[in-house]
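I opened this model to look up a few local features and note them down. The entries follow in the order I took them.

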Amino acid sequence: MPSIFTKIIDREIPADIVYEDDECLAFRDITPKAPTHILVIPKREIVSLADLTDEDEKIVGHCILVAAKVAHSEGLAAGYRVVVNCGSDGGQEVPHLHFHILGGRQMTWPPG
């Protein structure tokens, strides 16, 4: 069964898309945890960080570069956080690798 993110990629579910290329998609989170909260996802379905293989190196690197570009385009020069949750104990809710860009406020530590 396709994840909600696959359905967003396939345009079966609408999203506020802020970036797209052949390999990844970035869109605003519908339940933001910061003034700016954007998700960057690979278009190829990868369940989590724990499922990465050597063949995924390029696409994961590309997603991180896209996260930096999106953060810049969103005016997050003062700083931002990129978060990846892995597995249920790590807080991952959707079984599709995704990178959270959080910004627009002072981040605290530890995150939770």
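I started with Arg11, which sits in the loop between α1 and β1. I take helices (H or I, at least four residues) and strands (E, at least two) as DSSP runs, numbered from the N terminus. Phi of Arg11 is near 65°, a positive value in a residue other than glycine. I noted Arg11 as partly exposed, with a relative accessible area of 46%. My classes are buried for under 20% relative accessible area, exposed for over 50%, and partly exposed in between (1.4 Å probe, protein chains only).

The model is predicted: local features need pLDDT of at least 70, side-chain atom pairs count only at pLDDT 80 or more, and totals for chains, interfaces and linings use all residues. Residues are numbered from 1 along each chain as its sequence is written, and side-chain values use heavy atoms, with hydrogens and water left out.

**Salt bridges**

Which residue forms a salt bridge with Arg11? I found Glu20, with the closest N and O atoms 2.5 Å apart. I count a salt bridge when a side-chain nitrogen of Lys or Arg is within 4 Å of a carboxyl oxygen of Asp or Glu. Glu20 is partly exposed at a relative accessible area of 36%.

I then checked Glu20 against Lys43, and their side chains meet in a salt bridge as well (2.8 Å, N to O). This pair links distant parts of the chain: Glu20 is in strand β1 and Lys43 in the loop between β3 and α2 (57-73), 23 residues apart. Lys43 has 27% relative accessibility and counts as partly exposed. Taken together, Arg11, Glu20 and Lys43 are linked in a network of salt bridges.

Another pair I looked up is Asp56 with Arg44, a salt bridge whose closest N and O atoms are 2.9 Å apart. Both Asp56 and Arg44 lie in the loop between β3 and α2, twelve residues apart. Is Asp56 buried or exposed? I have Asp56 as buried, with a relative accessible area of 6%, while Arg44 is partly exposed at 41%. My search of the whole structure finds five salt bridges.

**Largest pocket**

How much space lies in the largest pocket? I read about 720 Å³. Of the 28 residues that line this pocket, the closest to its centre are Asp29, Thr31, Lys33, His37 and His100. The search runs on a 1 Å grid over the protein atoms alone; a pocket is an open set of points where a 1.4 Å probe fits, with protein on both sides within 12 Å along at least five of seven lines, and lining residues have an atom within 4 Å of a point. Grid points are joined across faces, edges and corners, and the volume is the space filled by probe spheres set on the points.

I went through the lining by element: α1 (4-9), β2 (24-28), β3 (36-42), β4 and β5 (99-103) each supply at least two residues. The largest share, three residues, comes from α1. By class I logged 14 nonpolar, eight polar and six charged residues in the lining. Here Ala, Val, Leu, Ile, Met, Phe, Trp, Tyr, Cys and Pro count as nonpolar, Asp, Glu, Lys and Arg as charged, and the others, Gly among them, as polar.

**Surface patch**

I looked up a nonpolar patch on the surface, formed by Ile64, Tyr80 and Val82, with about 230 Å² of accessible area together. Patch members have over 30% relative accessible area and no salt bridge; like charges are joined within 9 Å, nonpolar side chains (Val, Leu, Ile, Met, Phe, Trp, Tyr) within 5 Å. Areas come from the Shrake-Rupley method with a 1.4 Å probe, and for residues only the protein chains shown count as cover. Val82 lies in strand β4 (residues 80-83) and is partly exposed at 35%.

**Other residues**

Ile17 is in strand β1 (residues 17-20) and counts as partly exposed at 29% relative accessibility. I get 9.1 Å between the C-alpha atoms of Ile17 and Ile38, which are 21 residues apart along the chain.

Gln92 is in the loop between β4 and β5 and counts as buried at 13% relative accessibility.

Last, I checked the peptide bond that joins Trp109 and Pro110: it is cis, with omega about 0°. Pro110 is found in the segment after β5.
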